[in-house]
Amino acid sequence: MTTVTDSVAPLEKQSLGRRLAGANTLWIALVLIALIIVFGVIDPSGILNITNLQFLLIETAVLLVLSVGMTFVIITSGIDLSVGSVLVFSGITSALVMNALSGGDSTNAGWGVIIIGGLVALVSGAAWGVLNGLLIARAKIPALIVTLGSFGAALGAGELLTGGSDVRTMPTALARSLGSGTLLGGIPTMVVVAAVVAAIGVWLLSTTRFGRYTYAIGSNEVAAQRTGIGVTRHLVLVYALSGVLAGLAGFMSLAYFTTTTLTSHGTDNLNAIAGVVLGGTSLFGGVGSVIGTVIGVFIPAVLNKGFTIIGVNVFWQPIAVAIVLVAAVWFDQVRRRARNQR
Amino acid sequence: MSTPLLEARSLVKHYGSVEALRGASFQVAAGEVVSLIGDNGAGKSTFIKCLSGAEQPDSGEILLEGKQIQLDSPTTARALGIETVYQDLAVAPDLDPAANLYLGREIRRKGLLGALGMLDKAEMRRRASEEFGRLGVTLQSVDVPIGALSGGQRQSVAVARSVVWASKVVFMDEPTAALGVVQRERVLDVIRKVRDQGIGVVLISHNMPEVLSVSDRVEVLRLGKRVARFKASEASLTDLVGAMTGALVQEDLS
């Protein structure tokens with residue numbers, strides 16, 4: 001019996017160019033750049049104006065933090081519809097604890113109270129995340145149903161805690177620092193926090209074992225199980241991560257709006273999913289990147305700002321996002337089909 | 001024959017009232033390919049599950065190098081050097097071949113970064129390249145997703161992943177079932193190379209010519225028991241089929 005070949009070519013990395021060309025991320029980045037150029041050409045003083053750019057970044061910071069967690073969840077071929085409600089719930093528990101620690105009105109609260117408030121927000125988010133994870137990974141209930149449930153339950157629980165009205169007393173120090181402050185010579189603190197979260201997300205997903213397992217589970221859960229990966233444990237951690245980030249987003253939102261914004265987060269989940277999917281992460285799992293998500297989240301935001309600046313009716317924005325989103329998923333489908341035919 | 005590498009003695013397994021194994025025995029020595037054949041329902045799959053730790057037999061004993069062992073999970077079996085290649089391609093199609101090879105056994109960086117969970121991708125790629133070379137698995141690149149490879153290459157990677165980690169025995173449940181002729185030959189070549197390294201290979205297949213070409217010995221299961229053993233060089237297709245259908249009986253069926 002002759003072996004097919006004995007000369008084994010060394011396994012080389014593809015050139016950077018080829019890898020980039022094959023990645024959805026590149027194409028979606030080009031779309032974003034094209035949008036910015038188009039809006040910039042139509043109105044040079046509009047989108048490229050520093051103030052507008054700052055607002056664009058600040059307004060997207062909270063959504064970006066949610067979307068980083070969502071990226072991990074979607075790569076495991078899961079979904080987390082609860083992020084917006086968990087954000088609100090975490091903001092409420094955090095605000096209530098800060099008020100309680102300050103004798104009912106936290107306006108003049110110091111940093112000790114604010115730090116405790118921040119931790120309460122993170123723990124509240126983590127608790128919902130762990131609950132989601134256990135129901136999905138251990139009880140094997142579909143993620144869509146579990147997180148649809150916690151989407152309703154977290155908001156309901158929050159409204160029970162406040163009696164249905166927003167908490168409006170926030171520590172001024174929090175609003176001045178995280179909410180409207182700047183760091184590093186003029187960069188809004190909100191943006192710095194979101195950038196740090198995104199950077200940690202990139203590192204975690206692309207270089208660590210945690211990231212590798214996230215891809216493996218989304219790619220083939222049975223195979224992951226057979227190689228001895230603790231799939232249940234990992235899924236709980238991924239949903240907990242999404243919950244913690246929703247808690248952080250809740251705290252950021254508290255600092256920025258100085259109120260618990262009960263009614264403003266009903267579509268955060270869909271916006272985050274749209275950003276993640278636009279960024280090239282596959283709803284079928286196994287494929288995606290945090291860098292893509294960062295780009296993907298900015299496409300609806302730039303469209304929105306751009307339409308406002310050039311005077312197009314803003315109601316066109318969701319329609320434009322819908323078209324780009326459906327096209328992105330369609331490309332992903334075509335790519336998968338082409339691959340699976342081999 | 002000296003002490004067999006892996007031996008099963010009179011395994012019995014019930015599923016409710018169904019008796020899948022009725023005292024099945026089996027032996028494989030180091031450096032040989034043994035095919036386990038039998039008609040559908042003969043108990044092959046149950047048998048492999050018991051020997052790879054996925055199921056536990058109700059009675060009977062399993063011996064590794066003459067010592068009795070308890071296989072309570074596939075992880076235990078793997079720790080003892082027993083690996084299994086499953087019939088369906090148990091790879092992660094979106095990961096590259098090196099990542100698949102090291103799935104669940106990743107090499108981490110040294111020092112603090114490793115403690116934080118960072119992977120040493122370059123080292124894994126380098127070692128994967130060596131292992132694939134050793135097994136004669138040819139791939140154009142280590143960083144394309146496995147899903148983009150041909151079926152044969154994909155299965156070769158799946159086989160390689162098990163044999164790289166197997167120090168004693170590899171079970172292969174129809175590793176060539178979904179493959180074309182050329183691809184099948186590649187996988188069979190890998191099987192021969194594994195055997196030549198002194199590992200015991202247990203092959204389950206329905207393809208009799210393939211069984212005769214690659215195996216050293218053939219053991220036949222029928223209705224949950226071993227009914228015949230052949231040297232592949234001395235057996236004919238007729239013998240195998242006869243044993244599978246019950247027309248030919250060698251072993252005492254008491």
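These legends describe close-up views of a predicted model. Local features need pLDDT of at least 70, side-chain atom pairs count only at pLDDT 80 or more, and totals for chains, interfaces and linings use all residues; side-chain values use heavy atoms, with hydrogens and water left out. Residues are numbered from 1 along each chain as its sequence is written, while chains are lettered from A and ligands numbered from 1 in the order in which they are written.

**View 1. An open sheet in chain B.** Four strands line up as S2-S1-S4-S5 (chain B), with antiparallel pairing. Strands are DSSP runs of E with at least two residues, and helices are runs of H or I with at least four, numbered from the N terminus. Two strands pair if DSSP finds at least two bridges between them. Strand S2 (18–28) and strand S5 (67–69) of chain B are the edge strands, each pairing on one side only. From one strand to the next, the twist averages 30°.

View 2. Strand S1 (residues 6–15) of chain B and S2(B) are joined by 8 bridges. Ala8(B) has Phe26(B) as its bridge partner. His14(B) has Glu19(B). The hairpin leaves 2 residues between the strands, and Gly16(B) in the turn has a positive phi of about 60°. In S2(B), 8 of 11 residues are buried; buried means under 20% relative accessible area, exposed over 50%, partly exposed in between (1.4 Å probe, protein chains only).

View 3. Lys168(B) and Glu65(B) meet through their side chains at 3.8 Å, N to O. Such a bridge is a side-chain nitrogen of Lys or Arg within 4 Å of a carboxyl oxygen of Asp or Glu. Lys168(B) lies in the loop between helix H6 (151–165) and strand S7 (169–173) of chain B, and Glu65(B) in the loop between S4 and S5 of chain B, so the pair ties together parts 103 residues apart in sequence. Lys168(B) is partly exposed, at 21%. Glu65(B) is partly exposed too, at 41%.

View 4. Asp189(B) pairs with Arg192(B), their closest N and O atoms being 3.2 Å apart. Both lie in helix H7 (residues 181–196) of chain B, 3 residues apart, about one turn of the helix. Asp216(B) and Arg195(B) form another salt bridge, at 3.4 Å, N to O. Asp216(B) is partly exposed, at 30%, whereas Arg195(B) is buried, at 17%.

Methods. Axes fitted to C-alpha atoms, helices over the stretch in contact; angles between N-to-C directions.
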